[in-house]
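Morning, everyone. I'll take the interface between the chains, then the cores. Here is the model.

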Amino acid sequence: MNRLPGWDKHSYGYHGDDGHSFCSSGTGQPYGPTFTTGDVIGCCVNLINNTCFYTKNGHSLGIAFTDLPTNLYPTVGLQTPGEIVDANFGQQPFVFDIEDYMREWRAKIQGTIKRFPIGDRLGEWQAMLQNMVSSYLVHHGYCATATAFARVTETTIQEEQTSIKNRQRIQKLVLAGRVGEAIEATQQLYPGLLEHNPNLLFLLMCRQFVEMVNGTDSEVRCFSARSPKSQDSYPASPSLSPRHCSSNSHIHSTGKCSSRQGADSPSCSNGVTSTRSKQSHSKYPALTSSSSSSSSSSPSSANYSESNSTDSTKSQQHSSTSNQETSDSEMEMEAEHYPNGVLENSSTRIMNGTYKQEEILQTDESSMGQSPLQGCQIKRPVLLGGWASVCSGLGGSRWGEGLGEQLCREYGKNTTHKKMLQDAFSLLAYSDPWNCPVGQQLDPIQREPVCAALNSAIL
Amino acid sequence: MACVLETPLRMSVLSEVTASSRHYVDRLYDPDPQKVLQGVMLLYLLQQETSSTELRTECAVVLGSLAMGTENNVKSLLDCHIIPALLQGLLSPELKFIEACLRCLRTIFTSPVTPEELLYADATVIPHLMALLSRSRYTQEYICQIFSHCCKLRHWHSCGFKSSPQPLLCANGPDHQTILFNHGAVQNIAHLLSSTSYKVRMQALKCFSVLAFENPQVSMTLVNVLVDGELLPQIFVKMLQRDKPIEMQLTSAKCLTYMCRAGAIRTDDNCIILKTLPTLVRMCNKERLLEERVEGAETLAYLIETDVELQRIASITDHLIAMLSDYFKYPSSVSAITDIKRLDHDLKHAHELRQAAFKLYASLGANDEDIRKKIIETENMMDRIVNGLSESSIKVRLSAVRCLHSLSRSVQQLRTSFQDHAVWKPLMKVLQNAPDEVLVVASSTLCNLLLEFSPSKEPILESGAIELLCSLTQSENLALRVNGIWALMNMAFQAEQKIKADILRGLSTEQLFQLLSDSDVNVLMKTLGLLRNLLSTRPHIDQIMSTHGKQIMQAVTLILEGEHNIEVKEQTLCILANIADGTTAKELIMTNDDILQKIKYYMSHSNAKLQLAAMFCISNLIWNEEEGSQERQDKLRDIGIVDILHKLSQSSDPNLCDKAKTALQQYLA
């Protein structure tokens, strides 16, 4: 903080004493005139071509820097005690006509679009447009529309129908916040994809964690009816569709309804539930171990089930296999939030368990009298769901970090991952995650980039 | 041909063919007289009142197509008196026919071979055209275009490629701007600026740029014109917006520039410093077309020419000085090999670019020493100027000299870069047999290079500058006379005896007298200055006065008796004071009672400067230590000088008072 802008790395400056520009270096380049008391100096960073120019009293001094990084912050360096600087971020009109400058760029870009060369494809507008529409429909998995479109325009679709449908289903899972299921499905349908894409996997898992806090990953169907947060989630969850069910049950052929839930819903995706409860014992340790060294074959669904499972035997089993630290914290968590655990366990993957849920929620409401958000009737269920997830969340933190570490080892330090992880875990620090500084992660809109990334990877 | 003319249908086919095929048009206009007849036939048909309007319209269209051909086509059409015929056609009630005639007229008047005067030959034409402005968007477009091309006499750089510098005033009658203005051009055209047609807006804008150029009357009117509730300058500023077409930005910047230079807009107005100037700088950018860069630089040079603040702003805007250095990089080395079309284009514009850059450098460096320094520090600047001085293109030579002249105002540069690059050599070369316009600037530059502290002074003298400068003083061109005598004056300052003698010999006494009776006060002042410089140091004074004493005394008397301003008289009295400083030359004054009376008169003049100058004469005459001082003192006392000295010693002016007291002391000693 005691060095002038431009002298240090990733810092750029224009100095008034000599009129030189400093581009991350202690030695400046002759740039413009000197400036002093009373002068108005402006700085414009052009994010289109990553250049910067300064102005003096409204006169542009010309480009000072090119190839600038994107995340720059305005800085003013003062050397003399008692100096005063007025900063104007646009609250008053600028001396330099920045509007006019932007007009030029708008016109420039519009011109580029208008003049975009068509070349040989001239005259094939029809085909080009059809192709554009068709590929859009296919990309986003609008299977029926794409087929109808292909039929009418007498074109063909490259991708197979089932593949489109599969993608569509996975996308819907992600968009509904049910990332765990999406990961599972992806692994079933596109084996090896996530293994070869650890970054994508990491992204998905982080999202999954966020969804757990949100309460959507585990309880989406239970809460969607009442929770304002979950209401935002995409309707018509694909898992409700019979096709999905069948495919799901096909995938989880080993799955059987757990004793508690099975009777309730024969048509629902109990398979998932059963899979979870069944496999979790074997899978979870595998994942935790992945944090230590070996890479798990399929960590995704395991995490999911593990995090939701509060069955003491399970966790005990788990803790026995995992390293001491993990088990410790896990135990703590579970002890603390045991009531939630009950709720969660019972609500997990129950299609028809709504009434049950209600019941539990009510009991929970009373039992959790001290909850800071008690006053908020509407939010409570959501919070509970979130709370429940938090419980399992810590468990998740282990695998998340573990995977992060693994990725670090494999690809070197990745600041993006670190940031992602940090943001996700920050949710745990707040009593009301939706109204916290990192709360925007919980917004269902945030599922879209994840969904797009997964879809692109599959394609 | 006869068969072609049979039906209007065929005619329209022909017009399409001609418009699309330049080749065919050129062949139509063959030196073969047989073929020229075709045009005559068309004209005949056009003028026949009995022909159907359709046929006449087609005739006008075909003639317009013919005019699109080479300059020879236009010349032949002019020889057939096409213009009166077409102007006659404008009286028709048929709009279609009028439009066709106007389109053809537009094509003919935009050709460089057509004399603009033809539009003004018939006084009824302009009012009629003004009336037609309301008929349709086509009449508006064509008429504006005709006006802006027929108002060019006073335009020195409106169109960088066609016109060369022109004399500032037309020879006879009111100039075209005034004629158009008097017929209400401003009011009639102003509302076209809000037309929905881009072409109409653009042509109207061009028209205003032409009308306002160096015309205070038009410019002052323009600033107050309202269009749709907005003042015209505001409309021009809107047209400067960066997303408007470049042509529009450039032309409206020209309008504002011309209005500013004509005194209608202040140079510190925001629309000039924050809008017009930056727009023009942007026109100099590499991204612009070569033509636009030339026009931008020329217009900017004109805008900032006389205002140091604008020069300072321009010099820091968008690295303009460095940007101009790109103007010298054409044709670029790559284009030669890769793209022959590009090379051709580059070559065509290379001269224009260079001269424009020199012009702008000249304006930038006109007043501010720091800017001059920045310009000279630009890569290869001096080499470029030196090369520019010997270029074949007169335009480039002229602006290179201008640039050199501007930079030569710097004492430091005269002593350093100018000396390092021996710029005097190519400059002396430029001065040989150059046209007047080059000579004017080149001799001005020479004046600066001949200043006493300039190291170039010696070599310039040796290369025969005296002769050259003496011949300049005989020029018809006033500016050349001033520069010639000015340079000689500088040359004579503290010069050795030989140079002074050379100057006197080269100039001849007759020429000296000629110059002393010159109608221009500047020439007179510089000639007196030359005399004063010649008459310095005692031996030189005596020497010169012994040979030219009689004539010089005559001249001095003449001027002191004549109707001249204070400065001239002061300068003359100073010459007398110098003469009085000589040893033998003193006698020329002492024996001339007439002169002594004049000195006495000026000692009591109401102007202190003249009093002081006269006092110098007296002091020099009565100075004690010199031979014969006693006699001179006595004589001067006899004519009443001492009384005046006493009076002056009581003067409130400290200079005068001091001087008088010192003089009185000479008497006491």
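Start with the interface: 18 residues of chain A are in contact with 14 residues of chain B, contact being heavy atoms within 4.5 Å. Ground rules next. This is a predicted model: local features need pLDDT of at least 70, side-chain atom pairs count only at pLDDT 80 or more, and totals for chains, interfaces and linings use all residues. Residues are numbered from 1 along each chain as its sequence is written, chains are lettered from A and ligands numbered from 1 in the order written, and side-chain values use heavy atoms, with hydrogens and water left out.

How much area is buried between chain A and chain B? About 1400 Å², with 51% from carbon and sulfur atoms. That is accessible area (1.4 Å probe) lost on putting the two parts together, summed over both.

Now the charges. Chain A and chain B share 3 salt bridges, each a side-chain nitrogen of Lys or Arg within 4 Å of a carboxyl oxygen of Asp or Glu. In one, A:Lys108 pairs with B:Glu287, closest N and O atoms 3.7 Å apart.

On to the cores. A nonpolar core is a set of buried Ala, Val, Leu, Ile, Met, Phe, Trp, Tyr and Cys residues joined through side-chain atoms within 4.5 Å; buried is under 20% relative accessible area (1.4 Å probe, protein chains only). The largest has 228 residues, and B:Phe208 and B:Leu576 touch the most other members. Leaving out residues up to four places away in sequence, B:Leu576 touches B:Met553, B:Val556, B:Leu560, B:Ile589, B:Ile595, B:Ile599 and B:Cys617. Another core, of 19 residues, lies apart from it, A:Leu173 and A:Met205 among them.

Terms used:
Buried < 20%, exposed > 50% of the residue type's maximum accessible area, 1.4 Å probe, protein only.
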